Amino acid sequence: MKGELYTFRSTKHTHQFECLKLDLDFNPKGTYSITQDSLGRLHCSCFAAHRHTCRHREMLAVFANGLLDTGVFYEYDRRKWYAVDTDGHISEVEDTDSIADGVSRAKAPTTHQPSQTD
Ligand SMILES: [Zn+2]
C-alpha cells in the first residue's frame, strides 16, 4: 500500500521542529527539519525548500495546534489521523480535538509527582 504518514516533534530550539515521515507500516522514511525565522516564515529542509510552502510546512501549522509531540500520525494524501493506544494498536482517529484532550489528560500530574512546567 502506498502512502505516507507524518508526525511532528518539537526540539530543544523553540523555533525548530522535526517532521518524521513513515510508510503505512510505520517504517521511518526520513526526517525533515522545519525552522521559523524571526519574521515568522517557515523553512523546510525537504526538496521543495525553495518553494513558498510544502506539505511539511502546511502540516506543521496543523500539528502546532496542540498536536506536537503527541505521537499522532497524519496521512497527508487521505487526510486521516492515526493514534497508537496504550496497547500499541494503531487506530484511526476521527476527531483530533479528542487527541488533544486525551494528551492533556495523560499529561495531567498524578498524585505525588510535582508537575513540570517548561
Ligand atoms: Zn517540506
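## Strands β3 and β4

Let's start with a pair of strands in this predicted model. Strand β3, covering residues 28-36, pairs with β4 in the antiparallel sense, and 3 bridges link the two. Within this pairing, Ile34 stands opposite Cys44 in β4.

## The whole sheet

Stepping back, 7 strands make up an open sheet, and their order is β4-β3-β2-β1-β5-β6-β7, with antiparallel pairing. The edges are taken by β4 (42-44) and β7; each has a single partner strand, so one side of each is left without a neighbour in the sheet. From one strand to the next, the twist averages 30 degrees.

## Helix α1 and what covers it

Which residues of helix α1 are buried? In this helix, which runs over residues 55-63, they are His56, Arg57, Leu60 and Phe63. These four cover an arc of only 120 degrees around the axis, which puts them on the same side of α1. The spacing makes sense: an α-helix has 3.6 residues a turn, so residues three or four places apart point the same way.

On the other side of α1 you will find Glu58 and Ala61, both exposed. As for the buried residues of α1, what covers them includes β1 (5-10), β2 (16-22), β3 and β4.

Asp95 sits in the loop between β7 (90-93) and α2 (96-106). Is Asp95 buried or exposed? Asp95 has 9 other C-beta atoms within 10 Å; the cut-off for exposed is 12 or fewer, so Asp95 counts as exposed. Asp95 and Trp81 lie 14 residues apart in sequence, and their C-alpha atoms are 8.4 Å apart in space.

Definitions and conventions
Residues numbered from 1 in each chain as written. Predicted model: local features only at pLDDT ≥ 70, side-chain atom pairs only at ≥ 80, totals over all residues. Buried ≥ 20, exposed ≤ 12 C-beta atoms within 10 Å, placed from the backbone. Pairing = 2+ DSSP bridges. Axes fitted to C-alpha atoms, helices over the stretch in contact; angles between N-to-C directions. Arc of directions from axis to C-beta. Contact = placed C-beta atoms within 7 Å.
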